[in-house]
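Q: Please examine the structure below. The discussion that follows asks on what grounds its features are named as they are.

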Amino acid sequence: MAAARLGHPVVALISPSGQDCVLVSATPSMHSPALVDPASLRPFSQITDTVACAVSGVPGDGLLQVELLRQFAEKHEAEYGVMPSAGQLALQLADHAQRLTQEAETRPLGSSVLIIGPGTSVSTRRHDTSLQLFRVEPTGSLLRCKAGALGQGTQAMESKISQWLDDTEASEQQPTKDELVEAAIACLEVEAKVARTTNSTDASPTKAVHVGTSSLENGFLGWLGAKPRHRGLEP
């Protein structure tokens, strides 16, 4: 858990309608934009046509979890003829993570995952398809969330997210996709302020903000941020 909390900050927001989502992450600007393709540094991964994820923590463990999710999806499609939902993938990943805490000669994973994709909410009148967000912890804990944050400054970012959720629910207007992006970046700025006050030096590099957005259309979640946007975030 401690290693997962030291990863790069990630924020995920879903509109109250459940039709739009945004994933935002801040990573140190270690490379020159003129030398490295920014898209190759994006910390988001597409698992299936309908499911995407963001990982924070130990980089190697995060890559393993992304690969496991893709393997779970391939196996599910081979057995049942359909791709799994975000919730089904999250449950399988949580089961795997929990087993690692009990089996001999293994160790818990050092990264947390946010998994997002369309799901069906059963009500008394109809089945509503909307975007759903799941969080899987290294312990195997699985939570369904309205919004989520990972990595450094999680507590401060979650406090900001809670405030945004309260303001959004009190408003009768649905936020636009641009407003979702600005709200998510505002949460990252809270983490940057915490890092600035807790660090005794100013040696931390400027962070590049990676933004991925998508909308739920016909039950499919399009590729997150085909043209990722980047903004400098001073620590």
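Q: What makes both faces of β4 count as covered?
A: Ala52, Ala54 and Ser56 on one side are buried, and so are Cys53, Val55 and Gly57 on the other. Buried stands for under 20% relative accessible area, exposed for over 50%, and partly exposed for what lies in between, with a 1.4 Å probe and protein chains only. In a regular strand the side chains alternate between the two faces of the sheet. This is a predicted model, in which local features need pLDDT of at least 70 and side-chain atom pairs count only at pLDDT 80 or more, while totals for chains, interfaces and linings use all residues. Residues are numbered from 1 along each chain as its sequence is written, and side-chain values use heavy atoms, with hydrogens and water left out.

Q: Why is leucine 114 called buried?
A: Its relative accessibility is 1%, so leucine 114 counts as buried. This residue is found in strand β5 (residues 111-122). Contact denotes heavy atoms within 4.5 Å; leaving aside neighbours within four places in sequence, leucine 114 has contacts that include Ala52, Cys53 and Ala54.

Q: How many disulfides does a search of the whole structure find?
A: The search finds zero. A disulfide would require a pair of cysteine sulfur atoms within 2.5 Å. Cysteine 53 counts as buried at 1% relative accessibility, and cysteine 145 counts as buried at 19%.

Q: Why are the buried residues of α2 said to line one face of the helix?
A: The buried residues of α2 are Ala86, Leu89, Ala90, Leu93, Ala94, His96, Ala97 and Leu100. Seen down the helix axis, they fall within an arc of 160°, and therefore they line one face. The arc is taken over the directions from the helix axis to the C-beta atoms.

Q: What makes the phi of glutamate 105 worth noting?
A: Phi is near 60°, a positive value in a residue other than glycine. Most residues other than glycine have a negative phi. Glutamate 105 is found in the loop between α2 and β5 and is exposed, because its relative accessible area is 84%.

Q: Which residues touch the most other members of the largest nonpolar core?
A: Val11, Leu13, Val22, Val24, Ile161, Leu188 and Val211 do so, in a core of 20 residues. The largest share, seven residues, comes from α4. A nonpolar core is a set of buried Ala, Val, Leu, Ile, Met, Phe, Trp, Tyr and Cys residues joined through side-chain atoms within 4.5 Å. A second, separate core of 18 residues includes Ile47, Leu68, Phe72 and Ile115.

Q: Why does valine 24 count as buried?
A: Valine 24 has 0% relative accessibility and so counts as buried. It lies in strand β2, and its contacts beyond four places in sequence include Phe44, Leu188 and Val211.

Technical notes
Helices (H or I, at least four residues) and strands (E, at least two) are DSSP runs, numbered from the N terminus.
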